[in-house]
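Student: Could you walk me through this structure, one feature at a time? I would like to learn how to read each feature as we go.

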Amino acid sequence: MEQVRVGDAHFDNPQRLAISNTIRTAELASRIEFSVFVGTSHGHPRAYATQLHNSLVAPARTIVIMVDPDARALEIVAGGWVRDRVSDADAQAVADEMAGIIAGGDLAGGIIHGIEELAQKARAHA
Amino acid sequence: MRQCRSRYDHAVKQTPNPAVRRASRAASAAAAVGLLATLPLLAGPAGAVPENWSNPDDVDTLYALGVLVGLPLALFVGIAFLVYVPSLVRGGRQLSSGVDDEWFGGPRKTRDELADPDGDESKAGGASARW
């Protein structure tokens with residue numbers, strides 16, 4: 001499996017900037033808060049992702065995307081308000097697409113694609 | 001006056017007579033030697049302390065080393081301790097600033113400060129994937 005890290009960090013600065021810009025654009029378009037965590041999940045990935053989600057200011061209106069490259073785990077956690085706009089089936093479809101891109105070695109590209117797709121699906125249901 | 005062969009003769013003042021120059025040098029040397037000879041007299045007996053000056057005891061070598069080396073070293077160690085210990089007590093790096101973990105749009109919280117995971121009554125949903 002190809003290692004997706006860049007040096008000691010997961011991203012270089014242009015990739016960080018691209019992810020931040022994508023989040024900003026998606027939030028403006030969908031009115032959903034996006035939060036992306038890339039790192040080590042402690043314990044079960046799903047439980048850790050919900051811990052991250054519950055630590056945010058407005059979990060109900062937030063989507064957390066958690067990627068653990070070492071565990072090869074991807075979790076999307078959507079709050080109650082968000083689920084009226086992005087169904088779990090939609091989230092699963094996006095998660096599968098993201099996992100395919102990340103498995104190909106493009107971590108930043110997979111994340112950006114996922115954010116854009118989730119925002120687009122939210123707009124479609126708004 | 002003899003002719004000067006220098007390009008800058010207009011700026012150089014020539015002594016008219018070499019004998020006068022030699023006498024001037026000898027007088028200067030004698031004055032310098034005389035001044036040096038009088039310095040010990042001005043200083044007084046070796047080791048003597050002038051009147052009205054304090055005459056403290058000799059400083060112990062270990063004490064001097066302690067003040068000049070030990071004290072700055074202790075200050076350095078103390079400041080380093082105060083800087084690094086709080087972060088060590090908190091349990092290491094923060095989630096959003098570590099090399100390995102990056103959290104876009106997340107709060108600056110340590111792992112121990114995270115909220116509890118969802119329970120059965122949670123209204124959150126989402127999806128999972130592995131590769």
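Tutor: Happy to. Let us start with one residue: A:D68 counts as buried because its relative accessibility is 2%, where buried means under 20% relative accessible area, exposed over 50% and partly exposed in between (1.4 Å probe, protein chains only). Before going on, note that this is a predicted model, in which local features need pLDDT of at least 70 and side-chain atom pairs count only at pLDDT 80 or more, while totals for chains, interfaces and linings use all residues. Residues are numbered from 1 along each chain as its sequence is written, chains are lettered from A and ligands numbered from 1 in the order in which they are written, and side-chain values use heavy atoms, with hydrogens and water left out.

Student: Which element holds A:D68, and which residues is A:D68 in contact with, leaving aside neighbours within four places in sequence?

Tutor: Helices (H or I, at least four residues) and strands (E, at least two) are DSSP runs, numbered from the N terminus. A:D68 belongs to strand β2 of chain A, residues 62–68. Contact means heavy atoms within 4.5 Å. Leaving aside neighbours within four places in sequence, A:D68 is in contact with A:G39, A:T40, A:S41, A:A73 and, from chain B, B:W131.

Student: With which side chain does the side chain of A:D68 make a polar contact?

Tutor: A polar contact is a pair of N or O atoms within 3.5 Å; within protein, one must be able to donate a hydrogen and the other to accept it, and residues adjacent in sequence count only if both atoms are side-chain atoms. Here the partner is the side chain of A:S41, at 2.7 Å.

Student: How many bridges join β1(A) to β2(A)?

Tutor: Two strands pair if DSSP finds at least two bridges between them. For β1(A) and β2(A) there are six bridges, and the strands run parallel. One pair to look at is A:F37 with its bridge partner A:M66 in β2(A). β1(A), residues 33–38, is largely enclosed by the rest of the structure, because five of its six residues are buried. β1(A) also reaches across to the other chain: three bridges join it to β1(B), and these two strands run antiparallel. There, A:V36 stands opposite B:F104.

Student: What pattern does chain B follow along the sequence?

Tutor: Its pattern is α-α-β-β, with two helices and two strands. Of its 131 residues, 11% are buried.

Student: How much area do chain B and chain A bury between them?

Tutor: The size of an interface is often given as the accessible area lost when the parts come together. Buried area here is the accessible area (1.4 Å probe) that two parts lose on being put together, summed over both. For chain B and chain A that is about 3,100 Å², 53% of it on carbon and sulfur atoms. In chain B, the residues that lose the most area to chain A are B:E102, B:F104 and B:W131, together 29% of what that side buries. The contact involves 51 residues from chain A and 26 residues from chain B.

Student: How many salt bridges does the rule find across the interface of chain B and chain A?

Tutor: Side chains of opposite charge can pair when their charged atoms come close. The rule asks for a side-chain nitrogen of Lys or Arg within 4 Å of a carboxyl oxygen of Asp or Glu, and it finds two across this interface. In one of them, B:E102 meets A:R16 at 2.7 Å, N to O. This pair joins two chains, because B:E102 lies in strand β1 of chain B and A:R16 in helix α1 (residues 13–30) of chain A. B:E102 is buried at 9% relative accessibility, whereas A:R16 is partly exposed at 22%.

Student: And what are the relative accessibilities of B:R130 and A:E75?

Tutor: B:R130 is partly exposed, at 43%, while A:E75 is buried, at 0%. Their side chains meet in a salt bridge of 2.9 Å, N to O. A:R46, A:E75 and B:R130 are linked in a network of salt bridges.
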